[in-house]
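Student: I have a model open and would like to know what stands behind the terms used for it. Could we go through them one at a time?

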Amino acid sequence: MSGDIVKKGTTIFTGKPFVFTLNSKHRTTRCDNCLKSGKLLKCSGCQYVYYCDRNCQKESWPIHKAECARLKKVSPKVLPDAARLMARIIFKLNQGGADEVGYYTDKNFRKFKDLMSHYSDIKVDAKRQEHFVMLYGVLLQFLDETLMPNIAELMGIYGRICTNCFNILDVNMNTIGAGIYLGASVMDHSCKPNAVAVFEGTTIIVRTLTDLPSLDWSQVRISYVDLLNSNKDRREELHSSYYFWCDCERCKQEEPMAEAAACPNLSCDSPCSVEADKCEKCDTKISVEFKETFREVVDFTAHHLEKMKTMAYLDVSKICLKKQKGVMHKFNIQHVRTLEMAHIAAMDLECWEDAEFYGKELMPGYLLYYGEVHPLTGLLYLTTGKMQLHLGKPKEALKALNKASMVLMITHGDKHSLMREELRPLLYQAVMESNSDTHGA
């Protein structure tokens with residue numbers, strides 16, 4: 001433990017994974033070793049995984065050689081991601097990986113067996129047991145008897161994956177893989193985290209979001225779940241996935257907005273509870289009809305957000321937003337999520353005007369739920385700036401990109417590829433275009 005104050009935006013941990021896997025949906029578009037996308041070559045052995053080049057193939061070989069022939073054997077079936085991760089752990093432990101140490105301070109480290117397995121919780125969790133039985137069947141076919149651990153050992157491995165696995169994210173914070181990081185798994189959760197994990201390829205980088213009085217690992221907190229959720233939903237997700245009830249300061253606070261209706265009086269912006277009979281602020285009556293409409297809009301939105309989990313649709317998002325207008329409070333989480341879908345869909349369709357509009361609409365919700373210093377807030381500023389450059393608004397773009405820079409310098413730091421390859425070139429472009437704009441005027 002160092003006694004010195006740790007400034008926000010300090011890298012306090014970097015680590016390589018104990019094991020990791022690329023998600024199978026990116027199997028043909030990203031390198032199985034470094035996770036980059038680009039021109040790829042198929043492994044001639046299994047014809048299943050792809051690599052950038054010989055170098056990546058060679059780096060991957062110590063772990064891939066154990067699975068190469070087996071992946072070929074199951075082809076054309078695709079191995080479930082969790083099964084591949086479990087198999088890689090089994091191979092790794094067989095190769096002496098049980099002795100591998102992940103340091104998180106000069107003297108403190110963790111081995112794979114030090115990770116909590118939650119054995120007794122997993123054993124009575126029906127959903128996880130069902131998943132485990134499925135994985136057991138898959139692994140039985142994939143590995144031969146000699147490699148297969150006994151069932152208690154296997155459940156210990158499964159439990160460690162369930163509660164210690166990190167999603168590996170690309171620069172846009174999308175999940176592209178999963179990994180076990182021994183040192184980083186020491187960090188506990190808070191819904192108001194003081195640190196964040198970002199990735200450069202498969203390397204995890206943990207950075208501080210606030211100033212810390214000292215580097216005390218018992219006080220470092222990241223968020224295990226998406227913060228754009230109500231207290232109730234976050235706590236339930238944490239309990240069902242990680243087996244604890246969160247009692248962080250955010251979970252203890254009242255949150256009047258998360259599920260709020262708009263006040264029926266359009267000139268009042270107070271969040272209203274649909275259970276109440278009048279607005280607390282302006283006393284406007286909340287009619288039975290209004291309550292019915294609100295509940296219909298909630299159900300309608302929930303249904304469409306669920307359908308858009310895999311793919312965002314602009315027209316569907318717009319229909320939801322139209323129904324929400326004047327019914328849902330602007331900070332209602334469903335409304336913020338709908339804006340998010342509209343924003344993603346508009347970008348996919350290259351509708352730059354819409355993308356810029358929904359990005360701006362989304363910002364207040366992001367600032368409220370993620371906070372000012374969060375990778376997703378920084379990325380939203382960056383995207384907004386990018387849209388504004390597309391639309392020929394370099395001065396506005398420069399403002400947005402400068403805000404992005406302030407946030408991402410803390411969350412990612414100036415050495416991260418997001419800063420080097422995305423933000424800096426955009427900033428340069430915005431400065432150049434703003435100048436020529438002024439001179440050309």
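Student: What makes E1, E11 and E10 a sheet, and in which order do the strands lie?

Tutor: Strands are DSSP runs of E, at least two residues long, while helices are runs of H or I of at least four residues, both numbered from the N terminus. Two strands pair if DSSP finds at least two bridges between them. E1 and strand E11 (residues 203-208) have four bridges in the antiparallel sense, so they meet that rule of at least two bridges. One of the bridges joins Thr-14 to Ile-205 in E11. The three strands form an open sheet in the order E1-E11-E10, with antiparallel pairing.

Tutor: Before we go on, this is a predicted model, where local features need pLDDT of at least 70, side-chain atom pairs count only at pLDDT 80 or more, and totals for chains, interfaces and linings use all residues. Residues are numbered from 1 along each chain as its sequence is written, and side-chain values use heavy atoms, with hydrogens and water left out.

Student: Why are strand E1 (11-15) and E10 called edge strands?

Tutor: Each of them pairs on one side only.

Student: What makes a space a cavity rather than a pocket?

Tutor: On a 1 Å grid over the protein atoms alone, a cavity is a set of points where a 1.4 Å probe fits but cannot get out. A pocket is an open set with protein on both sides within 12 Å along at least five of seven lines, and lining residues have an atom within 4 Å of a point. By this rule there are two cavities of 30 Å³ or more.

Student: How much space lies in the largest cavity, and what lines it?

Tutor: About 70 Å³, where a volume is the space filled by probe spheres set on the points, joined across faces, edges and corners. Its lining includes Thr-21, Asp-32, Tyr-48 and Arg-84, and E2 and H2 each give two or more residues.
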